[in-house]
Amino acid sequence: MNRKMVFYTTGHILILEAILFMLPLLCSVIYSETSSVIAFAISAGIALGVGLIMSALSYTKNKLIFAKEGFAIVALAWLAVSAVGALPFVIGKFIPSYVDAFFETVSGFTTTGATILSGTQIEAMSKGMLFWRSFTHWIGGMGVLVFLMAILPTDSGRSIHIMRAEVPGPIVGKIVPKIRETAKILYLIYIGLTVIMVGFLLAGKMPLYDSLVHAFGTAGTGGFGIKADSVASYSPYLQWVITAFMLIFGINFNLYFLILIGKFTSAIKSRELWCFGGIVAVSIGAIAINISSIGYSISETIRHSAFQVASIISTSGFATVDMNAWPGFSKTVLLILMFIGSCAGSTAGGLKISRVMLLFKTVKADLRKMLRPRSVNVVKLEGKTVDDATIHSTSVYLITYFIIFLALILIVSIDGFDMETTLSSVTSCLNNVGPAFGKASASFSVFSDFSTLILSFAMLIGRLEIFPILLALSPATWRKK
Amino acid sequence: MKILIVGCGKIGSTLLASLTNEGHDIVAIDMDPAVITELTNIHDVMGICGNGVDSDILIEAGVKDAELFIAVTGSDEFNMLSCFIAKKLGASHTIARIRTPEYNDDSLTFMKEQLELSLSINPEFLAAQVLFNVLKSPSAVKIETFSGRHLEMVELRLKPDSIFDGVKLSELREKYKAKVLICCVKRGDDMFIPDGNFILRGNDTIGITATHAEIQKFFKAAGMLKKQARNVMLLGGSRTAVYLSEMLLSIGCNVKIIEKDLTKAKVLCETLPGAVIINGDGAQQELLVEEGIKDLDAFVSLTGADEENILISIFASSQGVPKTISKVNREELVTMAEKLGVDTVVSPKKMISDQLVSYARALQNSLGSNVETLYKLMDGDAEALEFNVVADARINGIPLKDLKLKSNILIAGIIRDSKTVIPGGNDVILAGDRVVVIAAGQKLSDLSDILK
């Protein structure tokens, strides 16, 4: 285990975070919020100091990393940015408890969007703090380490291990030969789409500040709002823009790259994309029929069901209505969508469509094998045969996922809430969605400190796809032998 | 520069590693998914699993804007076809490994023309050439030649009790009255481009540039001259052995080849009428002694197993053979073999990768003073490059002592109208010259890169 390299990279991430603090700081300066400016300045100082010391102490010539170092770097870096990222909320006295602030920041970076703040507390926050809260979505969406890769030259050819550990999806590949170029292209697409979205929001007469914050929240598929009723008070046009972009950010970014280099047909042929579209269309239809009796007009029915489906399947978590008041069937559909999530290689959470497709196909192949024991079956995804190792690791992923899911439910149920609250809040956190049903539908502040901490880890586990956090917590990874 | 490599075996993966280090964008294509996974784990390249002749795969790999396409699978025909299709699909330059002797005769030019190949590479032939050079002047560990043999670069390991121990470089030339230039020294893991005040120590590995005659004079004066090998024993009847035997027989050496496989031995006997072919296992010491190992001038082991080559060479050394050479393909074994006392270690895949690295660098810089040949020296810590000089006011006609060179750069030789100058401070570089430059720790692609 090359521990020095792990701490060295983590130190760099903290330095990067210190630089990123400058944006909300600038925002606070513009709105002349003195206490927030000070809070960000102090936090940036701490991040810079700790980062520099960490990097300097663990400087090493041996830059060799393997898969386990990749996992450890990602886990440690995410814990570090969250721990430091929570500081401004505490120093600025907006969220007095550090545990709550940690939850809020993890929720930001993991693009969950679950909050411990009530509607009135959110509206009482300074503009700078709200900006930082949503900005964490944007940074976390594409990944902090991928960002670091894009701006810093990598010393070894082995950064693929870091990328694999951080970028969600069963198979992570490069789109161009060099990893740094890949990271750059992904970020440029990400920035480009965000800018386009801001443009659309501005065209709908949304103020610039609101547009930026909502674009960050949508791009990262996070879902932190700045109003008590999320985006319900914005015009139908703006809600439709957000609906469309939530879905756009739920699509594999590699497809945008294909379109950019002119391979439009191969992008449109993606099976995952069609599957994603199908699930979205069916869910919207089912929910629209189910809620038609509540008393919305036809256009409202379609808009609300489309918005909520897009919000949940892309694991963003914005809302235009109180979903908790919807009938049980609609809520169950949404709960299932939470598990599925969006395409691999997007900024969304959940199991990912391609993984679900792979699992279904594996089950199908195995059933066929049971019927005709001598038949030979191959599982194909996007027209390519999937090797046994990938199928195996995907199955193991699903098993681990459910074991962790059950364990989390068990731990959180100690707080003594009803089944719906416990189940939906764990599902929401583990899949990085955000909203929950039952008693947690307004805010997660109802949970005890212990459960809040557990749910924070649930979000990290969900964002990093289980194994990095699991391996970072196991002593065997760090042992010298 | 975008480079596609088809076939990631021994040669392919070595190539891939050195070309990635050069900073090129590499796409590797191989049929074995395990190979692709392994390569993409270690190197910053894109891997595609598939058939390198399949145009779909080539298009997916981006052959259209590939500047260089290299096919180095085990099959010559596959390589040729793959290059042909790549060329038709838009690759600018194609290189194929063609090693079957039948293709490597007069028909090669015709085939290269028809397939529009930019270059064909034959690692075994290249290895044989290098071995031949070393056998002709066995005092050196390694010999590289520049510009049609006008200038040689010789690598030499000093013995712990060498007469050069403690000698200052500025005294060296006067003492031995030979016009040679010591251009690089490796001591332990450190690499030096020495100046006149540098003092040599025992165990140093030194690089010398000079003309062939001057180097021989220097060796003679220093009492280190080993005469050209006449009795040579080759172990293993590989392709390299065949090429090498032909070269050695043509200058009148006695060649003895030991080959385990009887059918193979018979084929060797047919192709090489002048050589003595022994059918037997070279790992048996008795056989080697019986075949007169004690009277040999040089022993070359060329079997497919690195370990066997190293061990048998050590045995040959212990029997008093003045020059032992091993073919070693695995890089980690090369340094070990040298430490264990094998005189010279050759690695065909390393030679090929040197050749292609220089080819790629020359491509990158086709307008300026481009790289003609490139050799990696001292285990890759330094490079010797030969440039074709074009008109450049920053360099032409300025005395060398007035040129502001970067550190760790040395101009080791100027070749003008087939005359070689070992340059001093007052010599100048003119357009049309060929210049040999030694550089440590940097990658030059144009002669003007030597300036600050």
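The buried residues of H19(A) are covered by, among others, helix H16 (271–291), helix H18 (328–340), strand E1 (380–381) and helix H20 (388–412) of chain A. The structure is a predicted model, in which local features need pLDDT of at least 70 and side-chain atom pairs count only at pLDDT 80 or more, whereas totals for chains, interfaces and linings use all residues. Residues are numbered from 1 along each chain as its sequence is written, and chains are lettered from A and ligands numbered from 1 in the order in which they are written.

**Helix H19 of chain A**
- Helix H19 of chain A covers residues 353–371, a run of 19 residues. Helices (H or I, at least four residues) and strands (E, at least two) are DSSP runs numbered from the N terminus.
- From its first C-alpha to its last, H19 reaches 27 Å, close to the 27 Å expected at 1.5 Å a residue; the expected span is 1.5 Å times one less than the number of residues.
- A:Ile353, A:Ser354, A:Arg355 and A:Leu358 are the buried residues of H19(A). A residue is buried if 20 or more other C-beta atoms, placed from the backbone, lie within 10 Å of its own.

**Chain A as a whole**
- Chain A contains 24 helices and 2 strands. Its radius of gyration is 22 Å, close to the 23 Å that the globule rule gives for 481 residues, so chain A is as compact as a globular protein of that length. The radius is taken over C-alpha atoms, and the rule is 2.2 Å times the number of residues to the power 0.38.
- Along the principal axes, the C-alpha atoms of chain A fill a box of roughly 65 × 60 × 50 Å.
- Of the 481 residues of chain A, 49% count as buried.

**Domains of chain B**
- The domain assignment, automatic or from a database, gives chain B domain 1 (2–121), domain 2 (127–221), domain 3 (231–346) and domain 4 (358–450).
- The centres of domain 2 and domain 3 of chain B, taken over C-alpha atoms, are separated by 26 Å. Their contact takes 10 residues from domain 2 and 14 residues from domain 3, where contact requires C-beta atoms, placed from the backbone, within 7 Å.
- Helix H6 (residues 123–136) of chain B gives the most to the side of domain 2 that touches domain 3, with 7 residues.

**Confidence**
- The mean pLDDT (the predictor's confidence in each residue, from 0 to 100) of chain B is 86, and 99% of its residues reach 70 or more.
- The predictor gives the complex an ipTM of 0.77 and a pTM of 0.83.

How values were computed: Contact = placed C-beta atoms within 7 Å. Buried ≥ 20, exposed ≤ 12 C-beta atoms within 10 Å, placed from the backbone.
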